[in-house]
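Open the model in your viewer and keep the selection tool at hand. The stops below say what to select next and what is there.

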Amino acid sequence: MAHRVLLVEDDRSIVTVITEALHDDGFEVTACDSIARRDALLADHDFDVMLTDVMLVDGDGLASIGAVRQLAPNMPVIVLSAQNTLDTAVRASDSEAFEYFPKPFDLDELTQAVGQAVANRPAAASAGESEEGALPLIGRSPAMQGVFRMITRVLRNDLTVLITGESGTGKELVAEAIHELGARKTGPFVAVNMAAIPHDLLESELFGHERGAFTGAVAQQIGKFEQANGGTLFLDEIGDMPAEAQTRLLRALQSGRIRRVGGRQEIGVDVRIVAATNRDLGPMIADGRFREDLYYRLNVVPIHLPPLRERQEDIGALVRHFLGQAASEGLPGRRASEEAISALAARRWPGNVRELRNAVFRLALLARDEVIDRETVEDVLPLPTKAGEEPGKSGFDAAVEEWIDGARPADGAVYHAALAAFEKPLFELALDRTGGNQLRAARMLGINRNTLRKRLSELDIAPESFARRR
């Protein structure tokens with residue numbers, strides 16, 4: 001007997017596509033376009049899984065999920081939505097949806113999820129309520145939808161998360177969202193930036209110290225671990241952590257206990273660790289600057305934040321959000337024309353979302369008219385003279401300067417960070433030019449072939465993928 005699927009969707013073209021795909025996989029599909037019809041069908045028939053849109057002709061399909069749980073408590077629910085915000089993803093997670101798919105979705109992934117939902121039908125399910133609100137992470141691009149889905153997967157557990165991404169992409173916002181939307185939201189959220197603390201004071205900052213532990217320790221100090229007890233400790237720029245502190249951090253993660261500097265007593269702490277870095281830790285592990293065992297302790301759930309240049313379709317929403325934020329902070333109320341947004345979207349934004357925010361605040365302050373147009377953007381935010389270059393600078397010089405301005409590596413780390421950032425694209429270019437031939441690529445680069453093969457493996461570069469480009 002075919003498994004039965006209830007599809008609640010008011011877009012007829014989507015209904016047709018999903019129905020045909022599920023029919024091909026052997027499912028029987030019943031479709032409706034409203035909450036009222038959905039509830040009537042659930043009252044009279046049994047279904048193995050339900051697919052539902054959020055915004056329906058007579059209401060919110062997620063807000064009314066409680067009625068579904070009462071009528072079919074054991075039925076898995078898969079949520080489809082064009083309202084591609086973090087808030088929607090979290091609401092889907094709070095409703096204990098089996099899976100959440102932002103539109104447009106991959107049809108093969110959807111049909112696979114339906115099969116998995118039927119095969120792993122839960123013994124029980126319960127409704128969950130979630131407050132709707134203006135969450136700080138914004139983006140409907142596929143890249144950001146992936147980030148939202150990863151966030152929802154870690155809200156009901158205490159797994160350690162490692163957030164990677166360029167400077168200015170919003171890594172701390174992700175950490176705050178994981179805390180504020182998760183089970184530890186009533187506890188403290190404590191953030192510490194490894195790059196901002198002198199290395200000789202970092203252990204004291206993290207673990208605290210006893211009076212007299214070192215010169216200047218005139219009183220006992222409680223460290224960040226103890227301050228975050230019962231909540232979340234956000235370790236920003238973890239790649240800048242010195243070796244000695246890495247060892248103590250690893251011990252704390254393994255045992256759940258810390259010892260203040262100069263102290264003898266071990267103290268139990270209950271914290272969730274969320275770490276972040278804008279650096280490629282692979283080369284740092286390879287040359288001994290970052291502990292491999294610590295990396296695996298931190299990288300339980302990786303979340304990568306895309307740079308703004310890879311999610312340009314989000315710039316319009318971000319600009320509108322920042323203009324509203326600027327107005328709430330006392331700057332003149334402004335609107336951006338579509339031409340202005342197109343002009344902003346055409347830029348590279350090496351400083352990512354942080355740079356865009358600062359630019360929008362500048363536009364709000366300096367624009368003469370209520371509506372910001374393309375001319376205002378070009379006047380207030382002039383471009384460098386030629387293709388992103390300053391006069392007298394080569395393309396490579398400009399690229400290096402743009403990277404440093406965007407990544408903002410800590411003092412003393414610029415050399416290694418620059419090598420890590422430029423090594424991968426350099427190897428990829430050499431493989432592209434040689435059609436994936438590693439021997440020729442090694443000769444071009446002037447390095448040993450075994451060295452090249454080792455670095456390709458560490459950088460996760462597949463030479464065979466370049467052979468197909470010839």
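Select strand β3 together with strand β6 (residues 77-81): four bridges join the two, and they run parallel. Strands and helices here are DSSP runs, numbered from the N terminus, with at least two residues (E) for a strand and at least four (H or I) for a helix. Two strands count as paired if DSSP finds at least two bridges between them. Within this pairing, Leu 51 stands opposite Ile 78 of β6, and Thr 52 has Val 79 of β6 as its bridge partner.

This is a predicted model, in which local features need pLDDT of at least 70 and side-chain atom pairs count only at pLDDT 80 or more, while totals for chains, interfaces and linings use all residues. Residues are numbered from 1 along each chain as its sequence is written, and side-chain values use heavy atoms, with hydrogens and water left out.

Strand β3 covers residues 49-53, and five of its five residues are buried. Buried means under 20% relative accessible area, exposed means over 50%, and partly exposed lies in between (1.4 Å probe, protein chains only). Which residues point one way from β3, and which the other way? Val 49, Leu 51 and Asp 53 point one way, Met 50 and Thr 52 the other. In a regular strand, side chains alternate between the two faces of the sheet.

Five strands form an open sheet in the order β2-β1-β3-β6-β7, with parallel pairing. Its edge strands are β2 (28-32) and β7 (99-102), each of which pairs on one side only. On average, neighbouring strands of this sheet are turned by 15 degrees against each other, direction ignored. Axes for such angles are lines fitted to C-alpha atoms, for helices over the stretch in contact, and the angles run from 0 to 180 degrees between N-to-C directions.

Next, select Thr 16, which is in helix α1 (residues 12-24). Thr 16 counts as partly exposed because its relative accessibility is 41%.

Charged pairs come next. A salt bridge is a side-chain nitrogen of Lys or Arg within 4 Å of a carboxyl oxygen of Asp or Glu. The structure holds 23 salt bridges.

Move to Arg 38, which forms a salt bridge with Asp 39, the closest N and O atoms being 2.8 Å apart. Arg 38 counts as buried, at 0% relative accessibility.

Then select Glu 203 and Arg 248, a salt bridge whose closest N and O atoms are 3.1 Å apart. The pair links distant parts of the chain: Glu 203 is in helix α8 (residues 199-207) and Arg 248 in helix α10 (residues 243-255), 45 residues apart. Glu 203 is partly exposed, at 22% relative accessibility.

Go on to Glu 370 and Arg 335, whose side chains meet in a salt bridge (3.7 Å, N to O). Glu 370 lies in the loop between α15 (352-366) and β16 (371-372) and Arg 335 in strand β15 (residues 335-336), so the pair ties together parts that are 35 residues apart in sequence. Glu 370 is partly exposed, with a relative accessible area of 48%, and so is Arg 335, with 47%.

The last stops are at rings. Rings of Phe, Tyr and Trp (its six-membered ring) pair if their centres lie within 6.5 Å; planes under 30 degrees apart count as stacked, over 60 as edge-to-face and the rest as tilted. The count by this rule is three aromatic pairs. Select Phe 207 and Phe 225: their ring centres are 5.4 Å apart and their planes are at 15 degrees, so the pair is stacked. Phe 207 is in helix α8 and Phe 225 in helix α9 (residues 224-227), 18 residues apart. Phe 207 is buried, with a relative accessible area of 1%, and Phe 225 is buried at 2% relative accessibility.
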